Structures are given as structure tokens and as C-alpha cells.
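Read it alongside the structure below.

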Amino acid sequence: MPNSVKPTSLLVSLVVAGGVAGSAIRVAFFELIPSDGFPWPTVAINLLGAGLIGLLLPRLRGRHHHMALAVLGVGGTATTFSTLTLDTVTLLEVGRYTAVLGYLTLSLVGGFLLAALGLRMGRVR
């Protein structure tokens, strides 16, 4: 949301409600997607989230309540940079340098591409 939007108690409540939903989605990904020592659940939720946030942003522009709930709450909680960072450090600590390179490439390049695709698809024509 633009910096000019004042955080009202309703907007904060919507972000919190979306955060609860985003957390539940994240937990579901970790329970449903097997991990063989490579952080596949994190990759999956972050890539999906990047695409969906890209898709939603143009459609929700100016609709601050919807943006607070869907993008900041659900999307922001389901996708986290902190998990990507922790997964990277964990792989580095066990000497899986090739996995780190693949993980960061897939996560960052894939995330940017899916966000761009989502933005393109989300533009209302």
C-alpha cells in the first residue's frame, strides 16, 4: 500500500486476519510437500506467492482493505524472506553449495519471473 495510507485499526485487523490465513497456508505446504533436505516447500510457497501477489497488485490498487487482507496479510505471511535466508544458511552450514546456488537461483529468478508474469496477467484491460 502507498505510504500515504494511514494504518487504521481496520486495516491492521485485516492484515492480522490475512496473516493467520497465510500462516495456515504455509504450514499446509510444509505438511504436504516432502523435503529431501532441500527446502522444496519454501520454494513452492514463495514462487506461488510471488505470482499471486503480482496478479493481485494491479487488480487491488486503490482498494486498501482488500490489499491489506490479501497482499500484505495472506501473501506477506505465506511468503517469507526470513525462511529463504535461514534455509540458505542451513544448506551452507552442511556444505551443500550446489544446492544453495540452485535454491537461490530458483527462488529469486523464478520469483521475479512469476511476479512479472502475474503483474502482466493482472493488468485490467
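H2 passes H5 in a crossing that is right-handed. This is a predicted model. The chain holds 5 helices and 0 strands. Along principal axes, its C-alpha atoms fill a box of roughly 45 × 30 × 25 Å.

**H2 against H5**
- The axes of H2 and H5 come within 7 Å and cross at roughly 25°.
- Angles under 35 degrees count as roughly parallel, and H2 is therefore roughly parallel to H5.
- On the H2 side, the contact includes Trp-40, Thr-42, Val-43, Leu-47, Ala-50 and Gly-51. Gly-54, Leu-55, Leu-57, Pro-58 and Arg-59 of H2 also take part.
- H5 answers with residues including Tyr-103, Leu-106, Ser-107, Gly-110, Gly-111 and Leu-114. Ala-115, Gly-118, Leu-119, Met-121 and Gly-122 of H5 belong to the contact as well.
- By class, this contact of H2 with H5 divides into 13 nonpolar, 8 polar and 1 charged residues.

**H4 against H5**
- The axes of H4 and H5 come within 8 Å, crossing at roughly 160°.
- Angles over 145 degrees count as roughly antiparallel, so H4 and H5 are roughly antiparallel to each other.
- The H4 and H5 crossing is left-handed.
- H4 contributes Thr-83, Leu-84, Asp-87, Thr-88, Leu-91 and Leu-92. They meet Tyr-97, Ala-99, Val-100, Tyr-103, Leu-104 and Ser-107 in H5.
- The contact of H4 with H5 has 8 nonpolar, 3 polar and 1 charged residues.

**H1 against H2**
- H1 (residues 9–32) packs on H2 at an angle of about 140°, with the axes 8 Å apart.
- That angle makes H1 oblique to H2.
- H1 passes H2 in a right-handed crossing.
- Ile-25, Arg-26, Phe-29 and Phe-30 are the H1 residues in this contact. Their partners in H2 are Pro-41, Thr-42, Ala-44, Ile-45, Asn-46 and Leu-48.
- The contact of H1 with H2 has 7 nonpolar, 2 polar and 1 charged residues.

**Largest pocket**
- The largest pocket holds about 320 Å³ of space.
- It is lined by 15 residues, and the closest to its centre are Asn-46, Ala-50, Thr-79, Ser-107 and Gly-111.
- H2 (40–60), H4 (81–93) and H5 (97–122) each supply at least two residues of the lining of the largest pocket.
- H2 gives the largest share of that lining, 6 residues.
- The lining of the largest pocket has 8 nonpolar, 7 polar and no charged residues.
- Ala-50 is one of the residues closest to the pocket centre, and Ala-50 is also in the H2 contact with H5.
- Ser-107 is likewise among those closest to the centre. Ser-107 is in the H5 contact with H2 and in the H5 contact with H4.

**Second largest pocket**
- About 160 Å³ of space lies in the second largest pocket.
- Its lining includes Ile-25, Ile-45, Leu-48, Gly-49, Leu-52 and Ile-53. Leu-56, Ala-70, Val-74, Gly-75, Ala-78 and Thr-79 line the second largest pocket too.
- H2 and H3 (64–78) are the elements that give two or more residues to this lining.
- H2 gives the most to the lining of the second largest pocket, with 6 residues.
- The lining of the second largest pocket divides into 9 nonpolar, 3 polar and no charged residues.
- Thr-79 lines the second largest pocket, and Thr-79 is also among the residues closest to the centre of the largest pocket.

Notes:
Residues are numbered from 1 along each chain as its sequence is written. This is a predicted model: local features need pLDDT of at least 70, side-chain atom pairs count only at pLDDT 80 or more; totals for chains, interfaces and linings use all residues. Side-chain values use heavy atoms; hydrogens and water are left out. On a 1 Å grid over the protein atoms alone, a cavity is a set of points where a 1.4 Å probe fits but cannot get out, and a pocket is an open set with protein on both sides within 12 Å along at least five of seven lines; lining residues have an atom within 4 Å of a point. Grid points are joined across faces, edges and corners, and a volume is the space filled by probe spheres set on the points. Helices (H or I, at least four residues) and strands (E, at least two) are DSSP runs, numbered from the N terminus. Ala, Val, Leu, Ile, Met, Phe, Trp, Tyr, Cys and Pro count as nonpolar, Asp, Glu, Lys and Arg as charged, and the others, Gly among them, as polar. Axes are lines fitted to C-alpha atoms, for helices over the stretch in contact, and angles run from 0 to 180 degrees between N-to-C directions. Angles under 35 degrees count as roughly parallel, over 145 as roughly antiparallel, 65 to 115 as roughly perpendicular and the rest as oblique. A crossing is left-handed if the near helix is turned anticlockwise from the far one by less than a right angle, and right-handed if clockwise. Contact means heavy atoms within 4.5 Å.
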